[in-house]
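Good morning, and thank you for joining this group meeting. Please look at the sequence and the structure together as I speak.

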Amino acid sequence: VLMEESRGTVMLNRIDAAVAAAYPAETSDAIGFPTSRERNVVMMAEAAERFVPAFVAAWQSADLEEIAALYAPSGVRIDGFAGLDGDPGATLAWIEAFLRDYDGVALEIKSITASAPGPGLEYILTLQSDGSSCVMEMASVWELDEDDRIVREHVYYHPDALFDCGWEAAG
């Protein structure tokens, strides 16, 4: 699935996690914020603030066990481009192969987001292999369990980054 910038979609379905935390309770109550939908987004923003540091640290470590620990036992990565559609075993096998293919992984946060479906992260993933590097612009949206582990992760790519990195869709 490819990332698409749509200002209307961004404005209606996402708020920056830092903004959600900026509303004092008494102000929120006075202005009627949040509605039930907005309250859900605020809860997702709080989940993002808790989860993102572990996500970044795990991917920066390039350690399979640390990355696998982010996922619930039945957790899956939904990534149409990589051919992942909901099989927990395939998710971990793909991550293991991915880590073998690259000498290093660096993750730079663009923004932490929250939407009704779940917390998310827009990020830049820099992959090093054989002395060269490749930059991927990506986003993930997570459904987390009560222990802040991934039940379902939806992954989105900026199309130009895929081509620049020489990736081809799984077929």
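I begin with a definition: a nonpolar core is a set of buried Ala, Val, Leu, Ile, Met, Phe, Trp, Tyr and Cys residues joined through side-chain atoms within 4.5 Å. Buried means under 20% relative accessible area, exposed means over 50%, and partly exposed lies in between, with a 1.4 Å probe and protein chains only.

Two remarks on the source follow. This is a predicted model, in which local features need pLDDT of at least 70 and side-chain atom pairs count only at pLDDT 80 or more, while totals for chains, interfaces and linings use all residues. Residues are numbered from 1 along each chain as its sequence is written, and side-chain values use heavy atoms, with hydrogens and water left out.

Let us turn to the core. The largest nonpolar core has 38 residues, and F98, M136 and W167 touch the most other members. Two or more residues of this core come from each of α4 (36–61), α6 (88–101), β4 (104–115), β5 (118–129), β6 (132–144), β7 (150–157) and α7 (159–164). Helix α4 gives the largest share, eight residues. In soluble globular proteins, nonpolar side chains tend to be buried together.

These element names rest on DSSP runs, numbered from the N terminus: helices are H or I with at least four residues, and strands are E with at least two. The chain holds seven helices and seven strands. Their order from the N terminus is α-β-α-α-α-α-β-β-α-β-β-β-β-α. Of the 171 residues in the chain, 41% are buried.

Which residues does F98 contact, leaving aside its neighbours within four places in sequence? With contact meaning heavy atoms within 4.5 Å, F98 is in contact with W59, V105, L125, L127 and W167. For the chain, residues 24 or more positions apart account for 54% of the contacts with a separation of 6 or more. Another example is S129, which lies in strand β5. Leaving aside neighbours within four places in sequence, S129 contacts D101, Y102 and D103. S129 counts as buried because its relative accessible area is 18%.

Next come the aromatic rings. A pair of aromatic rings is described by the distance of the centres and the angle of the planes. Rings of Phe, Tyr and Trp (its six-membered ring) pair if their centres lie within 6.5 Å; planes under 30 degrees apart count as stacked, over 60 as edge-to-face and the rest as tilted. The structure has nine aromatic pairs. One of them joins F51 and F55, a tilted pair with 6.0 Å from centre to centre and 40° between the planes. Both residues lie in helix α4, four residues apart, about one turn of the helix. F51 is buried at a relative accessible area of 2%, and F55 is buried at 1%.

Why is the pair of W94 and F98 stacked? The ring centres are 5.1 Å apart and the planes lie at 25°, so the pair of W94 and F98 is stacked. W94 and F98 both lie in helix α6, four residues apart, about one turn of the helix. W94 is buried, with a relative accessible area of 18%, and F98 is buried at 5%. Ring pairs join F51, F55, W59, W94, F98, Y102, Y123 and W142 into a cluster.

I now come to charged side chains. A salt bridge is a side-chain nitrogen of Lys or Arg within 4 Å of a carboxyl oxygen of Asp or Glu. The whole structure contains seven salt bridges. In one of them, K110 meets E137, with the closest N and O atoms 2.5 Å apart. This pair links distant parts of the chain, as K110 is in strand β4 and E137 in strand β6, 27 residues apart. K110 is partly exposed at 42% relative accessibility, and E137 is partly exposed at 22%. A salt bridge also joins D145 and R149 (3.0 Å, N to O). Here D145 is buried, with a relative accessible area of 13%, whereas R149 is partly exposed at 26%.

Finally, a word on confidence. The pLDDT is the predictor's confidence in each residue, from 0 to 100. Its mean over the chain is 79, and 74% of the residues reach 70 or more. Confidence is lowest in helix α1 (residues 7–13), at a mean of 38, and highest in helix α5 (residues 64–68), at 95. Over residues 1–17 the pLDDT is below 50.
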